[in-house]
Amino acid sequence: MSDNKKMGKVMMFTEVNEPMEEWEFPLPDELEPGAVLVKTSMATVCGSDYHSWRGRRPFPTPSVLGHEGVGTIVKKSPEVKRDTAGKDLSVGDRITWTIMANCGNCYFCRIKDLPQKCLNLFKYGHDKSDVFPYFNGTFGEYVYLRPGTGLYKLPEDLADEEASPLMCAASTVTAGLDKVGVEVGDKVVIQGAGMLGLYASVVAKEKGAKQVIMLDKLDDRLEMAKEFGTDIGLNVDNFSEEDLIKKVKDLTGGFGPDIAVEVTGFAEVIPQGIKMLRIGGRYLIQSSVYPNDTFEVASYDILIKSLTIAGLHNYDSKYLGQAIDIVHKNRDRYPFKKLAGPKFPMTADGVTNAMLSLEKKESVRPIIVPESELE
Ligand SMILES: [Zn+2]
Ligand SMILES: [Zn+2]
């Protein structure tokens, strides 16, 4: 290229199950009003990146995956003066941002308080990336933050690995638990001790839950959950469904939990959770987002117990701010750093290998960092 344009690399997802490819695009000369360009200092791999790569849901390609990350501002349009929480923003600041950019002006943004369902929604790590502005996901050296993105300057003493997963997992459960309304003294059952489940455990406790019971198939995850606010971990493989429901009811004073949360990514666990709930309980569906994933529940079971069944997909910007606050405030009480890792380089192979490590359940949140950060 004769014009000496500065280029940036992205790790492109081109086809289901195929390794990532390294592509290069020119960095933008000028930013549209409200936009920010960040250099990625860390990205973390979410289960849904992995499921997209494995073809569990329709996905546009080629695309740059990755919707969790931390970056340093390298360029910003003059209109961007403050972050979403009102703090001054400058080039060089370390920030994280919302999973989406929304227009702020449509029916869902303005009237229905569901900005994550904006009619002009853009989601990081979910869009075709061979067209401008290319840098659409965190699996790349740079990310182009579009106008309408919630931006949060990070506290200096919050490490990248504590901050990166907040953009998806932690914000989503913070929003979800707000929707079903955790009350002081509530008993909460969480189905799935993955990243969402571990954050849900912390957030439920910090919102005043008295008891958190975690259900999973992996004993080491259940042990880990105890470091994140969980009181009791139950391995579902050790029980018949009937016994599990009875056990949970016994543990929650005979009535059943006030709240049950699905964070396994599989709809098949939902009926079990619904059956556990106390009369008047609330059920939250958070992660079985894959089309054709269905469950069967007798309407009788919902009606007779007067249950509330809620779903929440993504989140309003304010919940990223809340998630940052909860984690920052409690970073000495819960070992958040333990959730992320090991580290992989920001290369095509690095991202592919990070996905594979998630598949093998070797880690909850593989980390991707610039190659220079790894010797
Ligand atoms: Zn995610
Ligand atoms: Zn909108």
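How are the donor residues of the zinc ion (ligand 1) spaced in sequence? They follow the pattern C-x20-H-x100-C.

## Ground rules

This is a predicted model, in which local features need pLDDT of at least 70 and side-chain atom pairs count only at pLDDT 80 or more, while totals for chains, interfaces and linings use all residues. Residues are numbered from 1 along each chain as its sequence is written, chains are lettered from A and ligands numbered from 1 in the order in which they are written, and side-chain values use heavy atoms, with hydrogens and water left out.

## The zinc site

Let's start at the metal. Three protein donors lie 2.0 to 2.2 Å from the zinc ion (ligand 1): Cys 46 through SG, His 67 through NE2 and Cys 168 through SG. Donors here are N, O and S atoms within 2.8 Å of the metal (3.2 Å for Na, K and Ca); water is not among the atoms, so sites may look incomplete.

Helices (H or I, at least four residues) and strands (E, at least two) are DSSP runs, numbered from the N terminus. Cys 46 counts as buried at 7% relative accessibility, and Cys 168 counts as buried at 10%. For these labels, buried means under 20% relative accessible area, exposed over 50%, and partly exposed in between (1.4 Å probe, protein chains only).

## The largest pocket

Now for the open space. The largest pocket has a volume of about 1100 Å³, and 45 residues line it. Val 263, Thr 264, Gly 265, Phe 266 and Ser 287 are the lining residues that lie nearest its centre. Two or more lining residues come from each of α1 (47-53), α5 (195-206), β11 (211-216) and α11 (348-359). Of the elements, α1 gives the most, with four residues.

A pocket is an open set of points on a 1 Å grid over the protein atoms alone, where a 1.4 Å probe fits, with protein on both sides within 12 Å along at least five of seven lines; lining residues have an atom within 4 Å of a point. Grid points are joined across faces, edges and corners, and a volume is the space filled by probe spheres set on the points. By class, the lining of the largest pocket holds 17 nonpolar, 17 polar and 11 charged residues. Ala, Val, Leu, Ile, Met, Phe, Trp, Tyr, Cys and Pro count as nonpolar, Asp, Glu, Lys and Arg as charged, and the others, Gly among them, as polar.

## The second largest pocket

The second largest pocket has a volume of about 200 Å³. Among the residues that line it are Asp 113, Leu 114, Gln 116, Asp 178, Lys 179 and Tyr 319. Helices α4 (169-180) and α10 (318-329) each give two or more residues to this lining, and α4 gives the most, with three. The classes here are five nonpolar, one polar and five charged.

## Salt bridges

How many salt bridges does a search of the whole structure find? The count is 20, where a salt bridge is a side-chain nitrogen of Lys or Arg within 4 Å of a carboxyl oxygen of Asp or Glu. One of them joins the side chains of Arg 54 and Glu 359 at 2.9 Å, N to O. That pair links distant parts of the chain, 305 residues apart, with Arg 54 in the loop between α1 and β4 and Glu 359 in helix α11. Arg 54 is partly exposed at 27%, and Glu 359 is partly exposed at 30%.

Another salt bridge pairs Asp 178 with Lys 207 at 3.7 Å, N to O. Asp 178 lies in helix α4 and Lys 207 in the loop between α5 and β11, so the pair ties together parts that are 29 residues apart in sequence. Asp 178 also belongs to the lining of the second largest pocket. With a relative accessibility of 34%, Asp 178 is partly exposed; Lys 207, at 24%, is partly exposed.

## A three-stranded sheet

An open sheet of three strands runs in the order β2-β1-β4, with antiparallel pairing. Because β2 (21-26) and β4 (63-64) stand at the edges, each with a single partner strand, one side of each is left without a neighbour in the sheet. Strands β1 (residues 7-13) and β4 are joined by two bridges, and two strands pair if DSSP finds at least two bridges between them. Met 12 stands opposite Val 64 in β4.
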